[in-house]
Amino acid sequence: MIAGLRRNAGISRLLQSHPITHLVRPARAPVTTTSALRSRAYFRFPDFLRKTREYDLFPSSFSYPFSSTSSSSSVSKTGFVSWYLGMVKSRPVLTKSITSALIYTAADLTSQVIKTIALPSTETFDFLRTLRMAGYGMLILGPSLHFWFNFMAKLFPKQDLFSTLKKMAMGQALYGPAMTVVFFSVNACLQGENITEIVARLKRDLLPTMLNGVMYWPACDFITFRFTPVHLQPLVSNSFSYLWTIYMTYMASLEKASTTTGRLTQ
């Protein structure tokens, strides 16, 4: 019995000095490889469903040409609108100035086309006149619209009916007449007219232009002030001013007013 106890003690010391690790099977680590995840995703979503989702997001080359064209055009339009709105917020004065210049350029070209159709003549397009209109929109109208609408928003921050009517009244009484005087004066000065001729032009053209403006701008201002965010109000106002600018460029292109009788000089 004593020999057996000694034998067991010797075996236990031998195991402690030389552990038998190769007989113990280690526990299997959880499989988290990419293939396993894919297999799990495969069992969760069948292959045909997963492919359908991919085709919805990214149309394949086997799609119909019309659908691919329409989707790409919608994406491009959305991208342009997002880019423009970002530019309005990041560089408001520059963006609104360029917008005004482009609208005045298009309006002046339209006015010259209408004049050519209504009164056929041998005269060609006056691109110097178009350049004057673009410069006015870029350097004067665009910045002034930005500061005017911001001033109106600070003075009357609400967009209710009463605030809208007050903004419209101030526009008709202050901003509209002032910008009409500036427009006629700057354009006449760039055409080489002196102060006396500019004053004669204003006496002849200012009142009829303002009366026509009263018939056109109140409805446009109501939509602009009532339903448009402040940072987009210059854009909406410029959009309305396209038709008005056609008329204004026509009035600005009239011949000099006589400094004595008020009639057109020959």
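Helices here are DSSP runs of H or I with at least four residues, strands are runs of E with at least two, and both are numbered from the N terminus. Counted that way, the secondary structure of the chain comes to nine helices and zero strands. The model is a predicted one, in which local features need pLDDT of at least 70 and side-chain atom pairs count only at pLDDT 80 or more, while totals for chains, interfaces and linings use all residues. Residues are numbered from 1 along each chain as its sequence is written, and side-chain values use heavy atoms, with hydrogens and water left out.

Of the 266 residues in the chain, 30% are buried, buried being under 20% relative accessible area, exposed over 50% and partly exposed in between (1.4 Å probe, protein chains only). Contact means heavy atoms within 4.5 Å. Among contacts between residues at least 6 apart in sequence, 73% join residues at least 24 apart.

Now to one pair of helices. The axes of α6 (residues 127–155) and α9 (residues 233–252) come within 12 Å and cross at roughly 140°; axes are lines fitted to C-alpha atoms, for helices over the stretch in contact, and angles run from 0 to 180 degrees between N-to-C directions. That makes α6 oblique to α9, as angles under 35 degrees count as roughly parallel, over 145 as roughly antiparallel, 65 to 115 as roughly perpendicular and the rest as oblique. On the α6 side, the contact is made by Arg 129, Met 133, Leu 141, Leu 145, His 146 and Phe 149. The α9 side brings in Gln 233, Pro 234, Ser 237, Asn 238, Thr 249, Tyr 250 and Ala 252.

Helix α9 also has a kink of its own: it bends by about 45° at Tyr 242, the bend being the angle between axes fitted to the seven residues ending there and the seven starting there. The buried residues of α9 include Trp 244, Ile 246 and Met 248, and its buried residues pack against α5 (92–118), α6, α7 (161–190) and α8 (195–227).

Val 230 sits in the loop between α8 and α9 and, at 29% relative accessibility, counts as partly exposed. Leaving aside neighbours within four places in sequence, Val 230 touches Phe 149, Asn 150 and Ala 153. Val 230 and Ala 153 lie 77 residues apart in sequence, yet 6.9 Å apart in space, C-alpha to C-alpha. Thr 99, in helix α5, counts as buried at 11% relative accessibility. Beyond its neighbours within four places in sequence, Thr 99 is in contact with Tyr 84, Leu 235 and Asn 238.
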